[in-house]
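Please look over the model shown here.

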Amino acid sequence: MTAPLLYALAGAILCGIGLFGLLWLSHLLRKLVAFNIMGSGVFLVLVGLPQHQGGQDPVPQALVLTGIVVAIAATALAVVLIRRYYHLSGLTSLTGEPASREGAPE
Amino acid sequence: MIRTLKTLAMVAACVSFSGILALSIWTIAGQPAPVNLPQLLSENMARSGVEHPVTAVLLNFRSYDTLLEIGVLVIAGIAGISMAKTASLEDPELRTSDSLLYGLQRWFVPLMLMLAGYLLWAGAHRPGGAFQAGAVLAATGVLMRLGGVPMDFLRPGLLLRLGLVLGFTVFLLVAVASVIGGDAFLAYPPELTKPLILIIESVLTLSIAMVLLALFVSAPVNDAEDPEEGSS
Amino acid sequence: MTLWLMAGLLFTPLAWAVLTLLTDFAWGRVVTWGGIVVQVLVSLGLWLAVSRDGGFYYGLGGWEAPLGIELRVDGLAVTFVLLTAVVASACGFHAGVYIDPDKPWHRYFWPLFWFLWSGLNAVWLGGDLFNLYVGLELISLSAVGLVALGGKAAALRASLRYLLAALLGSLAYLLGVALIYGQFGTLSIAGVVFWLEDHPVPAGSGLALALMVTGLALKTALFPLHRWLPPAHGIAQSPVSALLSALVVKASFYIAARLWLELGEPLGNLAAAQLVGLLGSAAVVWGSWLALRQSALKQVVAYSSVAQIGYLFLLFPLTYSVSESVSQQAQQGITLQVISHALAKAAMFLAAGNLILSTGSNRVDALTGVSRFLPFSLFSFGLAGVSLMSLPPSGGFAAKWLLLQASLGSGQWWWVLVLLTGGLLSAAYVFRIYRASFLENSETDEFYHPSRSLEVIPMVLALMAIGLGMVSEEVLSVMALPFEEEGSP
Amino acid sequence: MTLNAWIPVFALMTSLVAALVIFLLPEKGYRLRTTVNLGAALVKLGLVVVMVWGVFRGVDYGLSFTMVPGVTFVLKADALSMMFAGLSAVLWLLTTIYAVGYLEDSPNRSRFFGFFSLCVASTMGIALAGNLFTFFLFYEMLTLSTYPLVVHRGTEKALRAGRTYLIYTLSGGAVLLLAIAWLHGVAGDLPFREGGHFIDADPEIHRSLILIFILLVAGLGVKAALFPLHGWLPQAMVAPAPVSALLHAVAVVKAGAFGIVRVVYDIYGVEASSALGVLEPLAWLAAFTILYASVRALSQVDLKRRLAFSTISQVSYIILGVSLFGPVAAAGGLVHLLHQGLMKITLFFCAGNYAETLGIHRIDEMDGVGRRMPGTSLAFTIGAFGMIGAPPLAGFITKWVLGSGALAAGMDWVIAVLVLSSLLNAAYFLPILHRLWFREPQASWPEERFWGRLETSAWLFWPPLLTAVMTVMVGVLASLPFSPLSWAELIVLREYSP
């Protein structure tokens, strides 16, 4: 058991936690935080797994850096959308009124 | 009751997901990877124009990723400012009149600017680089903003939009310039690699800071709405 | 020459995204039309070059895989590049007239449009797993931005839902990529395939493929992960809906299909293949059924996308452990389905937009009696419907024919039932629209005829979808071109 | 490619181009539209005459290219296709004339004539198709182009009928597609060829072949209105009279019957089908349909519905003819393709005239119409006697030849079916004729309109008389060369001695 492998396994746990939050929580900001947790988990796996045997590997480090920027961009966009959505509808989740069931004739 | 059961089922699903994933990681970790990329990388470091391998990967070997990544950031910025429908992005509510914060700013802002500059410079030979520097720069902006420093350049006008895409544009121009020389897209001329990367890094820092700042301040909304298609 | 074409293909959309960001909507329109011309010419040139000389690998920055990123420029990729050029330029021209230039926030339409286009090209050509991830995010974020553009609460709700689904899908994909990199030490698909050719399959790599395919299936809106799609596609402005349904969902499917075709045989298994096929079938039936029950015109079209996407996933069972010829037929059928659905669905959404403009309402009932005014757009809608119903001689029919042959040839006759039922169900919802338009008891005497340029665009797309069936042999022959071996890893 | 390869394409294109032009013409362009319509119909008739002469001399008209990998698109003119093409070209011209008069002043004429031309283009394609794949292409196009005609009036009833029509025909199309795809998988791309492909088929595929045959007949039987797949036809009667006329006499039901003929003769081959044992059940089914539909016709009070059931019954004569093994019966069945077309279109034209001129739809309103509209009623009478099979009219020729064929094939029960059917035909047509000529007219007609000198509009008056005259001619002159009967014998000769 090396440190990078530990990171990767921790990443696996974070992935599970994030997935749970993303699927189960309804508040949009919490969902977003859950997305970031899951993202961190994925990045840990990405950076930990290859460095377990080969020692230092700059490629996954660079990939994770790129991944983080993309995740930040997505998070920022989501926050802007959530804020405006809240401003217009007063809702913080996607399940509240005005809800329309799938397939129901409007 | 049903909700509890559902929660339990969901927990079980997520735990087993983690378990399977961890198992798979464990199995994979036990076998050596057939391709030794780090070695290949170090063999080519001399041709990359920078000393730090991560920067080399980001801005030379896999520069296309970075180009598109900055594109993603610009998109987020565009989508963000498109939400703000007022002429100014100033939101008075966001300003605090905390005098301590105002006072501290005078010390913090120059310090943070220096830090950003250092991070940018450090990227050539140790961890650091455009993104880290840009993030610090954006944080400086946020701080100034919260402290009540007026920032008129953050109107969704031409200046802001120019700032958003400055880094991206320079990167893109460098990328296409190599083609005119008959080389592949994004190939730097060997003798100019280092200065080009430095220029790209610097403008990227500015743009990244600008995008992040714009996303932070583009929060205000007004009530003007676009009627949905055919909703009348 | 091809070097210039490649550079033009990669450079133009990104550069035009910058240019249009600096202008307002009206100027952006003029600039965009110029860019469309350039991009269409470049795509066509590349297509011609590849169909003459065969495909090649293009190392970006002069670096070869696995160190750098290599683009894989083969017949299939350039076919899709050309398809994108056709559909996107149609949507671009349509949007230029359709979208209200006076709303200040509409100026951001053009840069997002161009970023979307560049992301699509990146995905079609991508040969690097991580680069594909960035390309996917480029597409997703610009698509979400387009859906949300200046929208009110309902549009924001739809775009948020879309964004969350897309992000989850991307993370699942990236997790798969992480496992692949950990296992093989390379990100190049070709590299992985090359290694697997003469080595035993290492343990634990099945999960990577499963994660990637699941994530991409979520982004493609495969049943039962489809629920984000109808609100987003239904509520966006029509040219945006057209882009989303015609191209965006295809991008994630394209990656999933490429992964399956390259890695499915060693890493996948029969049960998974059949399961994916089964979900696709369920999508066909359930999507069509819901399309039949919608009262809003664009929702009908959006649910129809869910159903049509279902067909695509029949690729998985029909290419897993079957004979070479059956697999070939299935691949050709799916390719045709992708192309014909892209053309037909874009035509349908654009025509629906015109009809909404004419009747002032998004309800299907509002179409009562409009066939009296001989609306050109209704005719385009109908022609596009012929392709969706997969009736001859449309491209949809050619696709269905090949898939039927593949199912019968592989002995998996149960997909035959899906194909035939799906055709009948799609006829049911398409004819529901016609039926409304033929009804003669309405008092409406007002009918606004949109400008000709708006009406001609969907017609051209619909005619291409119909005509595709007649020339499918030629289209498919480019796909099967041999690869230029030099430069491959 | 030579000019000969292009002639079938031109024949197809005439109505396709006409359709496009008509769609683009404004609703008010009455004169131009009529000119385009009639011009295209005449050009097409000319092309068909050229091809008939060519086929007789053995010229090869054909064009083919690969469409989908493994499948070719084939247009080809042979004797059988010329029979169907000739029928549709002649009747298209007459129906166009009739429809111009019938739809005078009604709305949506552009739409109507556009789809009308598309429908004829599809029929032409069906006639000239050189393999099952191409046949299917136009077969489905026919479904699509007839739907707007069926629902043309836009009433709830019309739309309901349209829905029934679609459910039947599209399901039939799906079954047919399955059968064709399966057959393609079993035997590859099969061009239509006299004598068929399966004379010495591998016994291992016999079972598949029988199943495919059943599927093919089920798919085609929907349009041919074979029992129990006939339900859509009486409902589709809500369409305007020229549509019913064309649907019944030429386009839709004949497309189904023609398809069955193609399958039996040019795909399986008559000997192979007989050897597979699929012909006799088909004959029984056809015989049953003949009798069943005739009985149903007896109880109909609406004139067009009665004619519809009569169509169901009559089309099965064609199928009966081809399913009796033997050249004579085959000729009888084939010739009925033409004869039934002529007679039925006459009857529908007349029914349309009654409805349009006097507002008559039901049989009990027809008392004494013969005095008000003698010309139309004369045509109706000829058509009805033809259906019954009175000599020397077209229907008599059919029944006589069919009967002789049945004797030659040793299936004597068919004679009984023919006799019974003729009696039933008489039972449902003679009362109408009685009312027409021998009852006192009512005080006033439901909805009377006047057109000067003639009893009705000239556009409406001449087409039924012309087809009635043809009904007489094809019967009387049956033994001349180029008469339908001699043409059918030519086809049979080529089929039985390939």
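What percentage of the 232 residues of chain B count as buried? The share is 44%. A residue is buried if 20 or more other C-beta atoms lie within 10 Å of its own, exposed if 12 or fewer, and partly exposed in between, with C-beta atoms placed from the backbone.

This is a predicted model, in which local features need pLDDT of at least 70, side-chain atom pairs count only at pLDDT 80 or more, and totals for chains, interfaces and linings use all residues. Residues are numbered from 1 along each chain as its sequence is written, while chains are lettered from A and ligands numbered from 1 in the order in which they are written.

**Chain B**

Chain B has 8 helices and 0 strands. Its pattern along the sequence is α-α-α-α-α-α-α-α. Helices (H or I, at least four residues) and strands (E, at least two) are DSSP runs, numbered from the N terminus. Two residues are in contact if their C-beta atoms, placed from the backbone, lie within 7 Å. Of the contacts in chain B with a separation of 6 or more, 78% join residues 24 or more positions apart.

Helix H3 (residues 53-61) of chain B is mostly covered, with 9 of its 9 residues buried. Among them are Pro53(B), Val57(B) and Phe61(B). The buried residues of H3(B) pack against helix H4 (58-89) of chain A. They also pack against helix H2 (37-44), helix H4 (63-83) and helix H8 (193-217) of chain B.

**Chain contacts**

Of the 4 pairs of chains that touch, chains B and C have the most contacts. That contact takes 64 residues from chain C and 50 residues from chain B. On the chain C side, the elements giving two or more residues include helix H1 (2-21), strand E1 (56-59) and helix H7 (189-197) of chain C.

Chain D meets chain C through 29 residues, against 30 residues of chain C. H6(D) gives the largest share of the chain D side, 11 residues.

Two pairs do not touch. The nearest C-alpha atoms of chain A and chain D are 21 Å apart. Those of chain B and chain D lie 25 Å apart.

**The largest core**

A nonpolar core is a set of buried Ala, Val, Leu, Ile, Met, Phe, Trp, Tyr and Cys residues joined through C-beta atoms within 7 Å. The largest has 518 residues, and Ala76(B), Val147(C) and Ala346(C) touch the most other members. H6(C) gives the most to this core, 22 residues. The core lies between domain 1 (1-28) and domain 2 (52-217) of chain B, because both give residues to it. Those bounds come from an automatic or database domain assignment.

Leaving aside neighbours within four places in sequence, Val147(C) contacts residues including Ala155(C), Tyr162(C), Ile235(C) and Val240(C).

**Helix H14 of chain D**

Helix H14 (residues 327-358) of chain D has 32 residues. Its expected span, 1.5 Å times one less than its number of residues, is 46 Å, and its end C-alpha atoms are 46 Å apart, which agrees. H14(D) bends by about 35° at His336(D). The bend is the angle between axes fitted to the seven residues ending there and the seven starting there. Because 30 of its 32 residues are buried, H14(D) is largely enclosed by the rest of the structure. Gly359(D) follows H14(D), with a positive phi near 75°.
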